[in-house]
Amino acid sequence: MTNIVGRMREAFRGDQRVDADALVARLDAVRRFLTAVDGHLPDARLVPAHTLVERAGTRLALSRDHTVVALAGATGSGKSSLFNALARMELSPVGVRRPTTGVTHACVWGPLDGGNRLLDWVGVLPRHRFVRESVLDADDESALRGLILLDLPDFDSVQRSHRSEVDRLLGLVDLVVWVVDPQKYADRVIHTSYLREFHRHRDVTLVVLNQADRLPPAELPRVLADLRRLLDTDGLDGVPLLATTAVDPAGTRALREALERTVAERQAALRRLRGDVDAVVAGLDELVGDAAPAGGPDDAAVDALHRALAGAAGVPAVADAVEGAYRHRGGAATGWPLVRGWRRLRPDPLRRLHLPGPAAGRDDGPAESLVAATSVPDPTAAQRSALGLAIRTAAERAGADLPAAWPTAVTAAARSRLGDLPDALDRAVAGTDLGMDRRPLWWRFVGGLQWLVTLTALAGLGWLALGYALRALGLPAPEHPMVGEVPLPTLLFLGGLLAGLLVAALTRPVVRWAARRARRRAERRLTAAVAAVGEEHVLSPVRAVLVSYTEARSALREAAGR
Ligand SMILES: Nc1nc2c(ncn2[C@@H]2O[C@H](COP(=O)(O)OP(=O)(O)OP(=O)(O)O)[C@@H](O)[C@H]2O)c(=O)[nH]1
Ligand SMILES: [Mg+2]
């Protein structure tokens, strides 16, 4: 017995008790991981994690004083015989017809009450549940108090339903006793389909070679050694391996003792869940990488995105219009007064785009309240595809360091609000203060000067005309005062004209220069506005995925117990 217990200790990592709180914390971390990746990763990849969270939550909420142990194995290996031998009663029919056990039978040691809820969850029908501990043999069986033993159907059954029942139960029970017999212990199915899958549950796995009595005593050690070698290959090294004989009461003693110890420890449920968490976390490992992700796309990609957005939003066209409008308005304000009216007949380039001109800016309240209804030309096919490319590139750069499945999520996020983009860009352009609402002071000054010199010219002209008229009527006309050789009215007239032309000529390059400045200012403001649209519609969804990734990564690390 000491040997068996010793081996059990070693196999059960003898070692570490599973701390329930630490396990709950790991499960919470898996839950946080699932929340973080929700909507970003394909659901199919997350099924085991969802199943774990659901199952573990329920198992922990149910009785921790009970240990659910399943006897699993091929048909005829002797599961029902062992079940009956351990129960010391004929509870599950043993037969010659194969397969015999079609539905799971359960035997509860101790009061049935607590076990019933567990069995409801495990899904054993009430008519197949038995209670082992009666008043009469209470002492005999007290060491197994808390055990719920399940006799499973055969996993290699010709009946498909048996196999699915076994698979379902193997996902729920706390400890599995694999029952093999000397004929079929090396069958491929049990090793490849089952035992190998259980390598993360080594500390809640036990293997028994039943029907040991059918082997010549000298053969038993050889068969056990062979089976041990196979188990090692399955990754189940260290798992306890016992020989049993179900038909002989003494032949199940070792198994009974192993189960007594398991029940007494009350650790199997926690160890099973720890194995489940380990398996799920290992399965999810490739979904997060080692490197921390960048906070977003690099500056070059962001700049390219801004340029593409500006192109699609028609920023160059609006900037052209601003420059044109500045020249138009500046020319009208500072040009020669006699031809200003003619200038006004030409359309204002900004008004043509239905962008707020000075009047609109004043009358319609704040520029932001303007609804997007501009006539800024729609983006060309080239601009649209440049924008698509810039968005894709930004997403690719942001997701470059992320493991598979995430780059797709980042790209999808970058494109998630693509449909809203045209309107948002139009609104941003319409809502941008282009700096064209106020008439510069110097326009007024030059305009006033123009009026002054024009009036001077007109005064000179009037004066001259008056002199001619008087002379034509034969009336005495006073002599014009002279400035040097030139009569004053002539000087006023010609000087006024020349000064007007001169002012106009000198002002024109200044207006052009100021128009270019106005263009640059408008460009700056428009670019900032479309960049804000890019931030809201493209970059923040991308960053949100990166934040989710970071959360998922740290949650998974915590779930891994690292
Ligand atoms: N000699 C001997 N016969 C055994 C032993 N265990 C079971 N048997 C016999 O093997 C046959 C099958 O036993 P069962 O207990 O019905 O096997 P099972 O694993 O429950 O089979 P299924 O319910 O069909 O999956 C029966 O005839 C048993 O009497 C054993 O340890 N030694
Ligand atoms: Mg059976």
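Visitor: Which helix is V30 in?
Guide: V30 sits in helix α2, residues 20-37. Helices here are DSSP runs of H or I with at least four residues, strands are E runs of at least two, and both are numbered from the N terminus. Residues are numbered from 1 along each chain as its sequence is written, while chains are lettered from A and ligands numbered from 1 in the order in which they are written. This is a predicted model, where local features need pLDDT of at least 70, side-chain atom pairs count only at pLDDT 80 or more and totals for chains, interfaces and linings use all residues, and side-chain values use heavy atoms, with hydrogens and water left out.

Visitor: OK, and is V30 buried or exposed?
Guide: Buried, with a relative accessible area of 1%. Buried means under 20%, exposed means over 50%, and partly exposed is in between, using a 1.4 Å probe and protein chains only.

Visitor: What is V30 in contact with, leaving aside its neighbours within four places in sequence?
Guide: V30 touches A49, L52, V53, V277 and A559; contact means heavy atoms within 4.5 Å. Also, the C-alpha atoms of V30 and A560 are separated by 8.9 Å, although the two residues are 530 apart along the chain.

Visitor: How do α2 and α11 pack?
Guide: Their axes are 11 Å apart, at an angle of about 30°. That makes the two helices roughly parallel, a label for angles under 35 degrees; over 145 is roughly antiparallel, 65 to 115 roughly perpendicular and the rest oblique. The axes are lines fitted to C-alpha atoms over the stretch in contact, and angles run from 0 to 180 degrees between N-to-C directions.

Visitor: Which residues make that contact?
Guide: From α2 there are A20, L23, R26, L27, V30 and F33, and from α11 there are L270, L273, R274, V277, D278 and L284. They divide into nine nonpolar, no polar and three charged. Ala, Val, Leu, Ile, Met, Phe, Trp, Tyr, Cys and Pro count as nonpolar, Asp, Glu, Lys and Arg as charged, and the others, Gly among them, as polar.

Visitor: What about α12 and α17, at what angle do they pack?
Guide: About 160°, with axes 9 Å apart, for α12 (residues 299-313) and α17 (residues 381-398). So α12 is roughly antiparallel to α17. The contact involves A301, A304, L305, A308, L309, G311 and A312 of α12, plus Q383, A386, L387, A390, I391, A394 and R397 of α17. Those split into 11 nonpolar, two polar and one charged.

Visitor: New topic! What are the protein donors of the magnesium ion?
Guide: S80 (OG) and T101 (OG1), lying 2.0 Å from ligand 2, the magnesium ion. Donors are N, O and S atoms within 2.8 Å of the metal (3.2 Å for Na, K and Ca), and water is not among the atoms, so sites may look incomplete.

Visitor: Where do S80 and T101 lie?
Guide: S80 is in helix α4 (residues 79-87) and T101 is in the loop between α4 and β2 (105-108), so the pair ties together parts that are 21 residues apart in sequence. S80 is buried, at 9% relative accessible area, and T101 is buried at 9% too.

Visitor: What is the phi of Q211?
Guide: Near 60°, a positive value in a residue other than glycine. Most residues other than glycine have a negative phi. Q211 lies in the loop between β6 (205-209) and α9 (220-233), and is buried at 11%.

Visitor: And how about the phi of R266, what is that?
Guide: R266 has a positive phi of about 55°, although it is not a glycine. R266 lies in the loop between α10 (253-265) and α11 (268-284) and counts as partly exposed, at 35%.
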